[in-house]
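Thanks for coming. I will go through one surface patch and a few salt bridges, and then stop.

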Amino acid sequence: MTERKPPGVSFESWIDHQIREAEERGEFSGLSGAGKPLPSEVEQPYDELWWIKRKMAREGFSVLPPALALRKEAEDALEAALDCPSEYRARRIIEKVNTKIGDMLLRPPPGPPLGKKPYDVEDVLRQRRERLERRERGEGVGGA
């Protein structure tokens with residue numbers, strides 16, 4: 001749309017004109033998802049901001065303050081390490097999140113405090129081993 005709307009022409013008819021010309025030039029043919037319905041979350045109520053949230057998620061933006069996002073990431077990392085198939089990978093997961101926690105403790109971000117300290121890697125690995133032993137014995141897996 002490089003042209004300006006001529007005076008005296010309504011916006012609706014001007015836009016319709018622009019769309020019709022673009023269709024005639026074939027600018028809408030071959031678009032990905034053409035003829036397919038927009039994806040919907042059937043089980044969730046309609047959210048007017050769905051497209052903003054989806055774009056933020058796709059681009060890696062967090063809707064949480066940095067400290068809260070890291071707190072959630074740390075909890076997820078702990079659970080992933082406890083369920084990890086190898087001790088080596090579990091150690092790497094905890095060391096990686098510990099680095100992020102340490103960085104945030106050195107330069108606190110705006111927003112609420114982090115409320116986390118780095119995990120004791122050896123303690124996490126001990127908990128992981130105990131969890132695996134309970135699974136092997138057929139016992140339920142409780143919290144960490």
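**A patch and some salt bridges**

On the surface, Tyr46, Leu49, Trp50, Trp51 and Ile52 make up a nonpolar patch, with about 550 Å² of accessible area together. Before going on, the ground rules: this is a predicted model, where local features need pLDDT of at least 70, side-chain atom pairs count only at pLDDT 80 or more, and totals for chains, interfaces and linings use all residues. Residues are numbered from 1 along each chain as its sequence is written, and side-chain values use heavy atoms, with hydrogens and water left out.

A patch here takes residues with over 30% relative accessible area and no salt bridge, joining like charges within 9 Å and nonpolar side chains (Val, Leu, Ile, Met, Phe, Trp, Tyr) within 5 Å. The areas come from the Shrake-Rupley method with a 1.4 Å probe, and for residues only the protein chains shown count as cover. Helices are DSSP runs of H or I, at least four residues, and strands are runs of E, at least two, numbered from the N terminus.

Now the charges. A salt bridge means a side-chain nitrogen of Lys or Arg within 4 Å of a carboxyl oxygen of Asp or Glu. How many salt bridges does this rule give? The count is 16.

One of them pairs Glu21 with Arg25, at 4.0 Å from N to O. Both residues belong to helix 1 (residues 11-25), four residues apart, or about one turn of the helix. Glu21 is partly exposed at 24% relative accessibility, while Arg25 is exposed at 52%. For those words, buried is under 20% relative accessible area, exposed is over 50%, and partly exposed is in between, with a 1.4 Å probe and protein chains only.

Next, Arg131 and Glu79 form a salt bridge at 2.9 Å, N to O. Arg131 is in helix 5 (residues 121-136) and Glu79 in helix 3 (residues 66-82), so this pair ties together parts 52 residues apart in sequence. Is Arg131 buried or exposed? Arg131 is buried, at 3% relative accessible area, and Glu79 is partly exposed at 37%.

Arg131 also meets Asp83 in a salt bridge, 2.7 Å from N to O. Asp83 lies in the loop between helix 3 and helix 4 (87-106), 48 residues from Arg131 in helix 5. Asp83 is partly exposed, at 35% relative accessibility. Through shared partners, salt bridges join Glu79, Asp83, Arg131 and Arg135 into one network.
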